[in-house]
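Thanks for coming, everyone. Let me put the structure up, and then we'll walk through it.

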Amino acid sequence: MKIVDKIAQKSAEGKPFYSFEYFPPKTTQGLSNLFDRIGRMQALSPTFVTCTWGAGGSTFEKTTELSAVAQTVHGLETCMHLTCTNMDRGKVDDALAEAKKAGIQNILALRGDPPRGQEYWTKIDDTFVHAIDLVRYIRQEYGDYFCIGVAGYPEGHMDSTDLSSDQEIGYLKEKIDAGADFVLTQLFYDIEGFLAWEKQCRALGITCPIIPGIMPIQSFNGFRRITNLAKIRVPATIAAALEPIQSDDQKVKDFGVELAAKMIQQLLGSGITGFHICTLNLEKSVRLILERVGFVQPVSQTRKLQQLNAPTHVNTDASAPGTFRPDAIANKDSYLNPLIWKPTAADAAQGRSESWDDFPNGRWGDARSPAFGDLDGYGASLKVEPRTALELWKRPTSAEDISKLFVEFIQGKIALLPWSEGSPLPETEAIQSRLVSCNERGLWTVGSQPAVNGKPSTDPLVGWGPKGGYVYQKAFVELFVGPNEVAAMVQKLRTSSPWITFFAASRDGEVVTNATGDVLEEQRKIAELKKSCNGTPSSSGSAKTTSSAQQETPVCAAPFTKGGDDDLVEGSNAVTWGVFPGKEIIQPTVIEKVSFLAWRDEAFEIWREWEHLYPKGSASQKLLHQIGHDYWLFNVVHNDFRDESGIWDIVLA
């Protein structure tokens, strides 16, 4: 069924509506668990759901599978995102065909430009330059079969700083006139700004449904990242409310629920009756928001009703008039949806509930989590526009130039690196001198944390989670290591301490680890790695700008390609955990095979993204190309969380 038809039904019944957005997780197990989560969240009765699409079709298989399962297995009206960034006509045709095959009738047509600026975007097919081209193509090929949505930007598109609001809305109206049926807006937190923009859209002749995007704040760092990336205005009242609680993850999450509920209530009071909730693939916050607003019954009430074998739908007036009244929330009027509580055997067996992954922690969260992945949907990308990137990172021509950039980042002299989302976290202060030493030696660190043994959860540097708890961390460091240093690094990590576990991988898929449980096999790999690196490593990991810069084969083309990934133990290493009153031990940071391999692919792709800032054949492009192919990514954990210096004594030995 088309989304606009479902919206029309809700309008005729005088009922508000809401929808959910999901993104495809990076891992197969995360995707499988998301299928289960969507099944549970189906009980919240969304009018429709949407599934995001990675730039260039990078999530083609997962997005189409996710959309098909939501539509056919769970019976949810599904809208599949589709972008034309770096997409040829054949891939667009395949995606549309897969959608139709699954019975999907709704497409969100986007240009899908990565957050890098106009000049960095490239088109593959002249058919698709802007979202309006995709709208026209879908109408041309499929007529009225698909209901087409497009994006709206209440605060302006991040790349359109030189356009007036009227001009941007004019472009939006052109997409509607070309065949689009509804508008989903980018997230916002300025209610008055949205209402003024919506009024302006109506004044300029846009009459189709405009559905505001609501993104609950799930964590302070995530909120800061997304608002900075999309250039979203943050009202002073919200910033002030977050300031004193930013290190208390539970309070931030609770504030996010209350804020989202308040926003929806304000919008309801202004006549807006539809809301698109960006779930970030998390479950509990979404349910709590709907409960606060009165859209669904509280779980506690539903359970009591079930125990009494009572009906779960509080529909007190079947003949309610067609006009929706905002004050009906307090009266539990006829639009209130049931919440069917049916815990599954799988949930009980796994010890998981809707909140088991409430505190995802970046790329080293639990790889089984439905929320494991790229929250912005772009995958590997530079998080700033090219002109800003060039101002920050200049034009490096040697490994020494790269080392200098990493050192300046650690020292706070530049705002970010290609692998970072902002300045170093406060906890970096505890190990700053060690990180500087690493990077001065050409061991380029892209992630780290100090060892922590039972600090209060309110500690300003390392604290997280609710008050009254204690947090623990194993020291770990991620770093890029030059080809002439790889063998020596592997050997000392393998032999220096029984507390060390590590993964090391090249861009082309070679993997070395001491997590196999097979000491003899590991020793054989070290010997072969030494041989492939031409004997004793040199004292420098510097890249040499030779004619091999354009080769696709790394210097250490070690014999670990076949079956290397499968040899790794399927274990999880919790490197951050917290103990809190009345709660299970929470482990938000877990390093394991699948998460390392997912991050490896992205980390090396970022070298390619950085390389593309420079003209082909230039000294900077050649340098970054060579480094991306020759260097190895290491992840090193010192498992004795009481030892603050052990990892650094070994890495810097």
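Start with phenylalanine 20. Set aside its neighbours within four places in sequence, and look at what phenylalanine 20 is in contact with: Met41, Leu44, Pro46, Phe48, Val49, Thr50, His276, Ile277, Thr279, Val286 and Leu290. Keep in mind that this is a predicted model.

Now, the core. The largest nonpolar core has 86 residues. Which of them touch the most other members? Phe20, Leu82, Tyr189, Leu267 and Leu290 do. Helix H10, residues 249-269, gives the most to this core, with nine residues. There is also a second, separate core. That one has 66 residues, including Val436, Leu597, Trp607 and Ile627.

Next, helix H11. What follows H11? Glycine 294, with a positive phi, near 100°.

Last stop: aspartate 630. This residue is found in helix H21, residues 619-630. Is aspartate 630 buried or exposed? Buried, because its relative accessibility is 6%, and the cut-off for buried is under 20%. Now find serine 506. Along the chain, serine 506 and aspartate 630 are 124 residues apart. Their C-alpha atoms are separated by 7.5 Å.

That's the tour. Over to you for questions.

Key. Residues are numbered from 1 along each chain as its sequence is written. This is a predicted model: local features need pLDDT of at least 70, side-chain atom pairs count only at pLDDT 80 or more; totals for chains, interfaces and linings use all residues. Side-chain values use heavy atoms; hydrogens and water are left out. Helices (H or I, at least four residues) and strands (E, at least two) are DSSP runs, numbered from the N terminus. Buried means under 20% relative accessible area, exposed over 50%, partly exposed in between (1.4 Å probe, protein chains only). A nonpolar core is a set of buried Ala, Val, Leu, Ile, Met, Phe, Trp, Tyr and Cys residues joined through side-chain atoms within 4.5 Å. Contact means heavy atoms within 4.5 Å.
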